[in-house]
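Hi everyone, thanks for coming.

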Amino acid sequence: MTDKYMPYRNLLSHLILIVAAVVLMFPFVWMLSGSFKDNLEVVRMPPNLIPDTFKFSNYVEITKYFPIYRFLGNSVGISLVTTAAQIVVCAMAAFVFAKIPFRGRETLFVLYLITMMIPMQVTMTPLFIVFQKLHLTNTYLGLILPGIFSAYGTFLLRQHIMTIPDPLIEAARMDGASYVRVFMSIILPFSKPALATLAIFAFMASWNNFLWPLIITSDKELMTLPIGLSKLQGRWATEWNILMAGNVISFIPIFIVFLFASKYFIKGMTMSGVKG
């Protein structure tokens, strides 16, 4: 027997989703609108969503405050390299923890996961001292290295790799394939959704990272976009329209990454964690 209330439940679900989408999208729409206004219009009450006059010069004027496109290039390069390196490292570690048996594997994995409970602020000072001793301050390598290793990324990929049938790997091993060949030919192709999910998380984390680049760099040529945007907030006054224009520029790369990886991202989120 069909539920006669099912159409109404579907309608209610769609209405709730539409309202939630509008609420979530409104800050982005407001930011985009404010980036084309003058500063007085941004703070005017009552507010208006459509600018009286579109001020495209905000995206040019922002360059007077700091070299935004230099900082943008630094952020893009650092985020891409960090994301690629993190995917490689986490994928290899996840493969070992999921499919290669050795004594103490589960205990070591639990200890590895415990590091997720330690706030980065606790380890930041000793990490900075280590990097200072290694002469890695004010270097791109110093900005990239801490983001390469991720306990969460390893956990995410391990959960997905554990769903890959063991007989498939055993058959490859019996045919003489090494673990490297198994990793390259079986694990990576079957893990595309999870890898795309991790890529989005890793890129966003690196892109939005503020505290570590602020500590490790003092050279203006190495600074990233979040540090540059913080310079737009004055002590006594803030040019909100300029700040919103900078935020729009900062949002575009993340949007592009998600746009290209969204299909795998959704699939990866539904598949990861099926097997513990």
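**Helix packing around α4**

Let's start with helix α4, residues 68-99, which packs against helix α11, residues 192-208, at an angle of about 140°, the two axes being 8 Å apart. That angle makes α4 oblique to α11. Please keep in mind that we are looking at a predicted model.

Which way does α4 pass α11? The crossing is right-handed. On the α4 side, the contact is made by Leu72, Ser75, Val76, Ile78, Ser79, Leu80, Thr82, Thr83, Gln86, Ile87, Cys90 and Ala91. From α11 come Leu195, Leu198, Ala199, Ala202, Phe203, Ser206 and Trp207. Sorted by class, the residues of this contact are 13 nonpolar, six polar and no charged.

Now follow α4 to another partner, helix α10, residues 179-190. Here the packing angle is about 105° and the axes are 11 Å apart. Angles of 65 to 115 degrees count as roughly perpendicular, and α4 and α10 therefore fall into that class. Who makes this contact? Ala91, Met92 and Phe95 of α4 meet Tyr179, Val182, Phe183, Ile187 and Leu188 of α10. The class count for the contact of α4 with α10 is eight nonpolar, no polar and no charged.

The largest pocket has a volume of about 950 Å³. It is lined by 34 residues, and the closest to its centre are Met120, Pro146, Gly147, Phe149 and Ser150. Two or more lining residues come from each of α4, α6 (120-133), α8 (151-161), α11 and α12 (211-216). Which element gives the largest share of that lining? That is α11, with six residues. So much for the elements; by class, the lining of the largest pocket has 22 nonpolar, twelve polar and no charged residues.

The second largest pocket holds about 190 Å³ of space. Its lining consists of Met25, Phe28, Ile200, Met204, Phe251, Ile254, Phe255 and Phe258. How does the lining of the second largest pocket divide by class? Into eight nonpolar, no polar and no charged residues.

Thanks, and over to you!

Key: Residues numbered from 1 in each chain as written. Predicted model: local features only at pLDDT ≥ 70, side-chain atom pairs only at ≥ 80, totals over all residues. Heavy atoms only, no water. Axes fitted to C-alpha atoms, helices over the stretch in contact; angles between N-to-C directions. Helix = DSSP H or I, 4+ residues; strand = E, 2+ residues; numbered from the N terminus. Parallel < 35°, antiparallel > 145°, perpendicular 65-115°, else oblique. Left-handed = near helix turned anticlockwise from the far one by under 90°. Contact = heavy atoms within 4.5 Å. Nonpolar A, V, L, I, M, F, W, Y, C, P; charged D, E, K, R; others polar. 1 Å grid on protein atoms, 1.4 Å probe; cavity = no way out; pocket = protein on both sides within 12 Å on 5 of 7 lines; lining within 4 Å. Points joined across faces, edges and corners; volume = space filled by probe spheres on them.
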